[in-house]
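Subject: Structure handover

Hello,

Here is the structure I promised. Please open it alongside these notes.

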Amino acid sequence: MIPPKTHRPTPGQTVGPFFAYGLEFPKQHEVAFPHSPGAIVLSGTVYDGAGAPIPDALVEIFAADADGSVSRARGAFRRDDHTFTGFGRAFTNDEGHYEFWTREPGGTAAFFAAIVFARGLPNKLHTRIYVPGDDAALAADPLLSSLDADERASLVATRTPDGHLHHDIRLQGEKETVFLAF
């Protein structure tokens, strides 16, 4: 006779389509109020190793404000339509699309720190989403300058015709996004 299991699964063993429970809060994807000065959309699609969109991934971002300052506002969940907290969380839709309202971060080689959670991942993945435009700053960035051209391209967003940012995240395979180890 096999004894009954006595251990519960750990969070790393339970990431899946049900992991959203307890993570959602109002306006979580609105790092900046959509109608505030300087507000932009950062969006993209999360793809698996076969190139299929992932319909139940979670993307978190954190970035400095447009002047390069890091938010000191109390509470990452604060959404009062005035305070920029720097932190946002977005779930992908059925087509694997995520979207944030935020501000373009200031500073040299500006970037969004990003974390991706998805089914099949025993742990989260860390990456960066760099803002395009200042080629000299991007070339001088220590991380980007350590990568080959294809790897660098996986970390730099593209500017849309309306001035927003687009960045796809590929977990494996062709054009795989560079992920960071901590």
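**A buried histidine**

Histidine 167 counts as buried, because its relative accessibility is 2%, and the cut-off is under 20%. Keep in mind that this is a predicted model.

Where does histidine 167 sit? Look in the loop between strand 8 (165–166) and strand 9 (169–170). Its side chain reaches the backbone oxygen of serine 154 at 3.3 Å. Beyond its neighbours within four places in sequence, histidine 167 is in contact with Leu42, Ser43, Gly44, Thr45, Tyr98, Arg128, Ile129, Ser154, Leu155, Val156 and Ala157.

**Cores**

The largest nonpolar core has 26 residues. Val46, Ile61, Tyr98, Phe100 and Phe112 touch the most other members. At least two residues of this core come from each of strand 1 (39–47), strand 2 (58–62), strand 4 (97–103) and strand 5 (111–117).

Take isoleucine 61 in the largest core. Leaving out residues up to four places away in sequence, isoleucine 61 touches Val31, Leu42, Gly86, Phe87, Gly88, Phe100, Phe112, Ala113 and Ala114.

Strands 5 and 6 run antiparallel and are joined by 6 bridges. Isoleucine 115 stands opposite histidine 126 in strand 6.

Best wishes

Key. Residues are numbered from 1 along each chain as its sequence is written. This is a predicted model: local features need pLDDT of at least 70, side-chain atom pairs count only at pLDDT 80 or more; totals for chains, interfaces and linings use all residues. Side-chain values use heavy atoms; hydrogens and water are left out. A nonpolar core is a set of buried Ala, Val, Leu, Ile, Met, Phe, Trp, Tyr and Cys residues joined through side-chain atoms within 4.5 Å. Buried means under 20% relative accessible area, exposed over 50%, partly exposed in between (1.4 Å probe, protein chains only). Helices (H or I, at least four residues) and strands (E, at least two) are DSSP runs, numbered from the N terminus. Contact means heavy atoms within 4.5 Å. A polar contact is a pair of N or O atoms within 3.5 Å; within protein, one must be able to donate a hydrogen and the other to accept it, and residues adjacent in sequence count only if both atoms are side-chain atoms. Two strands pair if DSSP finds at least two bridges between them.
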